[in-house]
Amino acid sequence: MRGLTCALAGPVWRTLPWRALGSAGVLGLLLAGTPRLTGAEPSPWQTLTLLRGVALVGALGLVFLLDDRARHLTAPVPTRRPLRQALRAALVAPAAVLWWTAVLLLTPAGIRPPAGDITLEAAAICGLALAGAAAAVRLTDEPRPGPGVAAALLVTAVLGPLLIPAEWALLVVPDDPRWPAAHDRWAVLLAAVVVVWAVSGPEPLGRRGRRRPPGAVTVPGPPGGHG
(Lines give C-alpha, C1' and ligand atoms only; values in the text may rest on other atoms or scores of the structure.)
Protein backbone atom coordinates (compact mmCIF):
# COMPACT_ATOMS: atom_id res chain seq x y z
CA MET A 1 0.00 0.00 0.00
CA ARG A 2 2.82 2.41 0.83
CA GLY A 3 4.50 1.80 -2.52
CA LEU A 4 1.22 2.30 -4.35
CA THR A 5 0.58 5.57 -2.51
CA CYS A 6 4.06 6.85 -3.37
CA ALA A 7 3.54 5.89 -7.01
CA LEU A 8 0.24 7.78 -7.11
CA ALA A 9 1.55 10.91 -5.38
CA GLY A 10 3.22 12.38 -8.47
CA PRO A 11 0.29 12.00 -10.89
CA VAL A 12 -2.21 13.19 -8.27
CA TRP A 13 -0.05 16.22 -7.45
CA ARG A 14 -0.10 17.27 -11.11
CA THR A 15 -3.89 17.06 -11.30
CA LEU A 16 -4.59 19.16 -8.19
CA PRO A 17 -6.42 22.47 -8.86
CA TRP A 18 -3.49 24.63 -7.82
CA ARG A 19 -4.88 27.75 -9.49
CA ALA A 20 -8.08 27.71 -7.42
CA LEU A 21 -6.25 26.73 -4.24
CA GLY A 22 -3.57 29.38 -4.75
CA SER A 23 -6.07 32.11 -5.54
CA ALA A 24 -8.07 31.35 -2.40
CA GLY A 25 -4.89 31.24 -0.33
CA VAL A 26 -3.58 34.58 -1.58
CA LEU A 27 -6.97 36.26 -1.15
CA GLY A 28 -7.28 34.90 2.37
CA LEU A 29 -3.85 36.18 3.36
CA LEU A 30 -4.62 39.60 1.89
CA LEU A 31 -7.86 39.78 3.87
CA ALA A 32 -6.16 38.68 7.07
CA GLY A 33 -3.36 41.20 6.58
CA THR A 34 -5.60 44.14 5.66
CA PRO A 35 -5.58 45.71 9.17
CA ARG A 36 -1.78 45.64 9.30
CA LEU A 37 -1.43 46.93 5.74
CA THR A 38 -3.84 49.81 6.27
CA GLY A 39 -2.94 50.62 9.85
CA ALA A 40 -6.55 50.08 10.91
CA GLU A 41 -7.44 49.01 14.43
CA PRO A 42 -10.48 46.72 14.13
CA SER A 43 -12.55 45.75 17.12
CA PRO A 44 -12.47 42.16 18.40
CA TRP A 45 -15.87 41.56 16.76
CA GLN A 46 -14.61 42.85 13.40
CA THR A 47 -11.50 40.69 13.72
CA LEU A 48 -13.58 37.60 14.46
CA THR A 49 -15.82 38.32 11.46
CA LEU A 50 -12.75 38.82 9.28
CA LEU A 51 -11.25 35.50 10.35
CA ARG A 52 -14.51 33.72 9.66
CA GLY A 53 -14.56 35.29 6.22
CA VAL A 54 -10.98 34.14 5.61
CA ALA A 55 -11.96 30.59 6.63
CA LEU A 56 -14.84 30.71 4.14
CA VAL A 57 -12.47 31.87 1.40
CA GLY A 58 -10.20 28.92 2.14
CA ALA A 59 -13.17 26.55 2.03
CA LEU A 60 -14.23 27.97 -1.34
CA GLY A 61 -10.80 27.02 -2.65
CA LEU A 62 -11.06 23.50 -1.22
CA VAL A 63 -14.38 22.74 -2.93
CA PHE A 64 -12.34 22.34 -6.13
CA LEU A 65 -9.95 19.80 -4.57
CA LEU A 66 -11.83 16.77 -5.92
CA ASP A 67 -12.35 18.17 -9.42
CA ASP A 68 -10.72 15.81 -11.89
CA ARG A 69 -11.01 16.12 -15.67
CA ALA A 70 -9.85 12.52 -16.00
CA ARG A 71 -12.46 11.21 -13.59
CA HIS A 72 -14.22 9.04 -16.17
CA LEU A 73 -10.89 7.51 -17.19
CA THR A 74 -9.70 6.76 -13.64
CA ALA A 75 -12.96 5.20 -12.42
CA PRO A 76 -12.07 1.70 -13.75
CA VAL A 77 -8.52 1.66 -12.30
CA PRO A 78 -7.74 -0.74 -9.42
CA THR A 79 -6.96 2.08 -6.97
CA ARG A 80 -10.14 2.88 -5.09
CA ARG A 81 -11.53 6.39 -5.06
CA PRO A 82 -11.29 6.86 -1.24
CA LEU A 83 -7.53 6.39 -1.47
CA ARG A 84 -7.24 8.87 -4.33
CA GLN A 85 -9.34 11.44 -2.48
CA ALA A 86 -7.43 10.93 0.77
CA LEU A 87 -4.17 11.38 -1.09
CA ARG A 88 -5.41 14.66 -2.58
CA ALA A 89 -6.30 15.92 0.89
CA ALA A 90 -3.00 14.73 2.37
CA LEU A 91 -0.97 16.53 -0.30
CA VAL A 92 -2.79 19.81 0.37
CA ALA A 93 -3.01 19.52 4.18
CA PRO A 94 0.53 20.79 5.03
CA ALA A 95 0.05 23.91 2.90
CA ALA A 96 -3.40 24.48 4.43
CA VAL A 97 -1.98 24.24 7.96
CA LEU A 98 0.82 26.69 7.16
CA TRP A 99 -1.68 29.04 5.50
CA TRP A 100 -4.00 29.10 8.51
CA THR A 101 -1.05 29.58 10.87
CA ALA A 102 0.01 32.60 8.82
CA VAL A 103 -3.55 33.94 8.95
CA LEU A 104 -3.55 33.74 12.74
CA LEU A 105 -0.11 35.34 13.00
CA LEU A 106 -1.25 38.22 10.80
CA THR A 107 -4.04 38.92 13.30
CA PRO A 108 -2.93 41.17 16.21
CA ALA A 109 -2.71 39.05 19.35
CA GLY A 110 -4.61 41.54 21.48
CA ILE A 111 -7.81 41.26 19.45
CA ARG A 112 -7.44 37.70 18.18
CA PRO A 113 -10.21 35.32 19.28
CA PRO A 114 -9.19 32.07 21.02
CA ALA A 115 -6.99 30.36 18.45
CA GLY A 116 -8.21 26.85 19.18
CA ASP A 117 -11.88 27.76 18.88
CA ILE A 118 -11.57 29.79 15.69
CA THR A 119 -9.42 27.01 14.21
CA LEU A 120 -12.19 24.53 15.05
CA GLU A 121 -14.64 26.75 13.16
CA ALA A 122 -12.31 26.93 10.16
CA ALA A 123 -11.80 23.16 10.17
CA ALA A 124 -15.55 22.56 10.24
CA ILE A 125 -16.17 25.00 7.38
CA CYS A 126 -13.42 23.44 5.28
CA GLY A 127 -14.67 19.96 6.18
CA LEU A 128 -18.14 20.99 5.02
CA ALA A 129 -16.66 22.08 1.70
CA LEU A 130 -14.84 18.77 1.22
CA ALA A 131 -17.86 16.72 2.26
CA GLY A 132 -20.01 18.62 -0.21
CA ALA A 133 -17.48 18.02 -2.97
CA ALA A 134 -17.28 14.30 -2.14
CA ALA A 135 -21.07 14.00 -2.12
CA ALA A 136 -21.28 15.74 -5.50
CA VAL A 137 -18.69 13.35 -6.93
CA ARG A 138 -20.61 10.35 -5.62
CA LEU A 139 -24.09 11.48 -6.66
CA THR A 140 -23.28 12.91 -10.09
CA ASP A 141 -21.08 12.12 -13.08
CA GLU A 142 -19.79 15.70 -13.28
CA PRO A 143 -15.96 15.66 -13.45
CA ARG A 144 -15.71 19.21 -12.09
CA PRO A 145 -18.45 19.74 -9.46
CA GLY A 146 -16.50 22.50 -7.70
CA PRO A 147 -18.41 25.53 -9.04
CA GLY A 148 -21.77 24.08 -8.05
CA VAL A 149 -20.54 23.12 -4.58
CA ALA A 150 -19.01 26.59 -4.14
CA ALA A 151 -22.36 28.20 -4.93
CA ALA A 152 -24.12 25.92 -2.45
CA LEU A 153 -21.54 26.72 0.22
CA LEU A 154 -22.01 30.46 -0.29
CA VAL A 155 -25.79 30.12 -0.02
CA THR A 156 -25.37 28.08 3.16
CA ALA A 157 -23.01 30.68 4.62
CA VAL A 158 -25.53 33.46 3.95
CA LEU A 159 -28.76 31.72 4.92
CA GLY A 160 -27.45 29.44 7.67
CA PRO A 161 -27.06 32.14 10.35
CA LEU A 162 -30.54 33.46 9.51
CA LEU A 163 -32.28 30.08 9.69
CA ILE A 164 -30.54 28.50 12.70
CA PRO A 165 -32.54 29.07 15.93
CA ALA A 166 -30.88 31.33 18.51
CA GLU A 167 -30.46 28.45 20.97
CA TRP A 168 -28.41 26.61 18.32
CA ALA A 169 -26.37 29.61 17.23
CA LEU A 170 -22.89 28.93 15.86
CA LEU A 171 -21.65 32.42 15.08
CA VAL A 172 -21.33 33.97 18.53
CA VAL A 173 -18.66 36.23 20.02
CA PRO A 174 -16.15 35.18 22.70
CA ASP A 175 -17.79 37.18 25.50
CA ASP A 176 -21.18 35.58 24.77
CA PRO A 177 -22.14 32.95 27.40
CA ARG A 178 -23.06 30.66 24.49
CA TRP A 179 -19.46 30.58 23.17
CA PRO A 180 -18.48 27.20 24.77
CA ALA A 181 -21.77 25.54 23.77
CA ALA A 182 -21.47 26.94 20.24
CA HIS A 183 -18.07 25.34 19.85
CA ASP A 184 -19.38 22.03 21.12
CA ARG A 185 -21.78 22.27 18.18
CA TRP A 186 -18.90 23.19 15.85
CA ALA A 187 -17.13 20.00 17.00
CA VAL A 188 -20.27 17.95 16.29
CA LEU A 189 -20.55 19.56 12.86
CA LEU A 190 -16.92 18.71 12.10
CA ALA A 191 -17.48 15.08 13.11
CA ALA A 192 -20.64 14.93 10.98
CA VAL A 193 -18.98 16.25 7.83
CA VAL A 194 -16.09 13.82 8.26
CA VAL A 195 -18.64 10.98 8.37
CA VAL A 196 -20.40 12.36 5.28
CA TRP A 197 -17.08 12.52 3.43
CA ALA A 198 -16.23 8.95 4.44
CA VAL A 199 -19.63 7.66 3.33
CA SER A 200 -19.41 9.55 0.03
CA GLY A 201 -15.96 8.22 -0.80
CA PRO A 202 -16.61 4.76 -2.29
CA GLU A 203 -17.77 4.40 -5.86
CA PRO A 204 -21.51 3.49 -5.96
CA LEU A 205 -22.12 -0.17 -6.73
CA GLY A 206 -22.69 -0.74 -10.42
CA ARG A 207 -21.42 2.64 -11.53
CA ARG A 208 -17.88 1.44 -12.19
CA GLY A 209 -19.17 -0.88 -14.85
CA ARG A 210 -21.62 1.58 -16.35
CA ARG A 211 -19.41 4.64 -16.70
CA ARG A 212 -17.78 5.30 -20.05
CA PRO A 213 -15.36 8.06 -20.99
CA PRO A 214 -17.00 11.04 -22.73
CA GLY A 215 -17.06 10.53 -26.48
CA ALA A 216 -17.01 6.76 -26.27
CA VAL A 217 -18.88 5.08 -29.10
CA THR A 218 -21.38 2.34 -28.43
CA VAL A 219 -21.17 -0.42 -31.02
CA PRO A 220 -24.65 -1.78 -31.78
CA GLY A 221 -25.17 -5.50 -31.58
CA PRO A 222 -26.48 -7.71 -34.38
CA PRO A 223 -30.13 -7.33 -35.36
CA GLY A 224 -32.58 -9.22 -33.22
CA GLY A 225 -34.06 -12.47 -34.31
CA HIS A 226 -33.52 -16.19 -33.84
CA GLY A 227 -32.68 -17.44 -37.06
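Visitor: Hi! Read along the sequence, what pattern does the protein follow?
Guide: Hello! Going along the sequence, the pattern is α-α-α-α-α-α-α-α-α. The protein has nine helices and zero strands. Bear in mind that this is a predicted model.

Visitor: Okay, predicted. What pLDDT does the protein average?
Guide: The average pLDDT is 84, and 83% of the residues score at least 70.

Visitor: And where is confidence lowest, and where is it highest?
Guide: The lowest is helix H9, residues 207-210, with a mean of 46. Helix H3, residues 44-62, has the highest, at 96. There is also a stretch to read with care: over residues 208-227, pLDDT stays under 50. For that stretch the model has 16 contacts beyond four places in sequence.

Visitor: Good to know. Let's go inside. Which residues touch the most other members of the largest nonpolar core?
Guide: Those are Leu-65, Trp-100 and Val-103, in a core of 41 residues. Seven helices each supply at least two residues of this core: H1 (2-15), H2 (18-38), H3, H5 (81-106), H6, H7 and H8 (179-200).

Visitor: Which helix gives the most to this core?
Guide: That's H6, with 11 residues.

Visitor: Back to Leu-65. What is it in contact with, leaving aside neighbours within four places in sequence?
Guide: Leu-65 has contacts with Leu-16, Pro-17, Leu-21, Arg-88, Ala-89, Val-92 and Leu-130.

Visitor: For the whole protein, what share of contacts with a separation of 6 or more comes from residues 24 or more positions apart?
Guide: Such pairs account for 81% of those contacts.

Visitor: New topic: charges. How many salt bridges does a search of the whole structure find?
Guide: The search finds two. In one of them, Arg-52 pairs with Glu-121, and the closest N and O atoms are 2.8 Å apart. Arg-52 sits in helix H3 and Glu-121 in helix H6 (residues 115-139), so this pair ties together parts that are 69 residues apart in sequence.

Visitor: Is that pair buried or exposed?
Guide: Arg-52 counts as buried because its relative accessibility is 14%. Glu-121 counts as buried too, at 1%. The cut-off for buried is under 20%.

Visitor: What about the salt bridge of Arg-178 and Asp-176?
Guide: Their side chains meet at 2.9 Å, N to O. Arg-178 has 34% relative accessibility, so Arg-178 counts as partly exposed. Asp-176, at 17%, counts as buried.

Visitor: How much accessible surface does the protein have, and what part of it belongs to carbon and sulfur atoms?
Guide: The total comes to about 12900 Å², and 71% of that belongs to carbon and sulfur atoms. As for burial, 37% of the 227 residues count as buried.

Notes:
Residues numbered from 1 in each chain as written. Predicted model: local features only at pLDDT ≥ 70, side-chain atom pairs only at ≥ 80, totals over all residues. Heavy atoms only, no water. pLDDT = per-residue confidence, 0-100. Helix = DSSP H or I, 4+ residues; strand = E, 2+ residues; numbered from the N terminus. Contact = heavy atoms within 4.5 Å. Buried < 20%, exposed > 50% of the residue type's maximum accessible area, 1.4 Å probe, protein only. Areas by Shrake-Rupley, 256 points an atom, 1.4 Å probe, with all protein chains shown as cover. Salt bridge = Lys/Arg side-chain N within 4 Å of Asp/Glu carboxyl O. Core = buried A, V, L, I, M, F, W, Y, C linked by side-chain atoms within 4.5 Å.
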